[in-house]
Amino acid sequence: MDKPPVEYRWALDANDRPVPITLAQRSAPYTCPLCRDVMIARLGTQVQHHFSHQAANQCDSEAVSIAALRRWLALHLDEAVNRRQPVPYTWQCLHCGQTHTQDLLENATYVLEDLLNAAESPDVRLTDANGVAQASFYILGEGVPLPQSLQGSLGQGKFAFALSARLLPESHDVAAFLSDVAPFAAPCPLWDQADVVRQPERMRRLLINLAHREPYYFFGAVETVDGLADVVQVGRYKVWAALPFWQQVVGGTLNRLAPNVEIFIQNWEQTDGGIIYLYYVRIRETSAIALRRYPPHSAPNIRVDDRYRLQRFTALDMARELVSD
Ligand SMILES: [Zn+2]
Ligand SMILES: [Zn+2]
């Protein structure tokens, strides 16, 4: 038996503009975004609407979708930039829980498209006049892991989107298309006002400085402070300490004492021969961080008793126990 024909969700029209099958027209001429061969819109009532190649071909359906959606996004964003037409975007903020609205093109001057199809670089980027990315769009195939560069965008105050290659626009309105998509990362005006520490290098420096100051240890709860989620108050600073960000900036080895009792332990050797131990503790619904500097030729004697089994014992209690005498 023959294999069923591969179904395609995108094609290019006579002007080389990507057209999703949702907007295809009967008997209009179409070509394939990858091989440029003739495509036909199948808009019958029997099977789901799709494009098919007129002749036999090797094109991968998902690769066609990624190439076409990338082109579609870049084209429509570029036209909006040139017409100075805003692309309003509303989202639920991960950091403060509020709803924010911002023009995605507010600081955008250029639209860059990744024509090399590199795994780590965004498919489409909006940059300001200096080439600094303001928004990044990653189009991801089925089962593809999130690129490191996308994960690194968390909390950095710029927009980042992880778009499924299966998404199909219902119109040629890019704002309407994006309104259904939650951001992977986004700016937060409240964060900016509070100057939350969320830059990896700044955070590492702050932790090291903290460890070199008397009493050479620190512990603090990861909590909602002034409406800002997952923050540790360190003196006058608010430090963002959501676990994925901590893992990226500090890292550590997971020690699981019980299903809902976890300690991530990391150590940083210092140039003076000393060593800083850093902990991220999660107990039931509570989280805390702790750190302590040990002088050369000494090391911690990490002992944990089983009080964590008590319901009222929190991550902060554990953090205190790990670093204070
Ligand atoms: Zn093709
Ligand atoms: Zn916010």
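In this predicted model, β13 and β14 form a hairpin with two residues between them, and G235 in that turn has a positive phi of about 60°. The two strands run antiparallel and are joined over four bridges, with V232 standing opposite V239 in β14. β13 also takes part in a second hairpin, this time with β12, again with two residues between the strands; here D226 is the turn residue with a positive phi, of about 50°. The pairing of β12 and β13 is antiparallel as well and extends over two bridges, and E223 faces V231 in β13.

Spanning residues 200-211, α5 has 12 residues and reaches 17 Å from its first C-alpha to its last, close to the 16 Å expected at 1.5 Å a residue. Its buried residues are M203, L207, L210 and A211. Viewed down the axis of α5, the buried residues fall within an arc of 100°, so they line one face of the helix. The face turned away from this buried side carries the exposed residues E201, R205 and N209. The cover over the buried residues of α5 includes β12, β13 and β14, together with α6 (243-249), β17 (275-283) and β18 (286-294).

Turning to the chain as a whole, the domain assignment gives domain 1 (10-59), domain 2 (63-190) and domain 3 (195-323). The centres of domain 1 and domain 2, taken over C-alpha atoms, are separated by 25 Å. Their contact takes 10 residues from domain 1 and 11 residues from domain 2. On the domain 1 side, the touching residues comprise eight nonpolar, one polar and one charged.

Technical notes:
Residues numbered from 1 in each chain as written. Chains lettered and ligands numbered in written order. Predicted model: local features only at pLDDT ≥ 70, side-chain atom pairs only at ≥ 80, totals over all residues. Domains from an automatic or database assignment. Contact = placed C-beta atoms within 7 Å. Nonpolar A, V, L, I, M, F, W, Y, C, P; charged D, E, K, R; others polar. Expected span 1.5 Å × (residues − 1). Buried ≥ 20, exposed ≤ 12 C-beta atoms within 10 Å, placed from the backbone. Arc of directions from axis to C-beta. Pairing = 2+ DSSP bridges.
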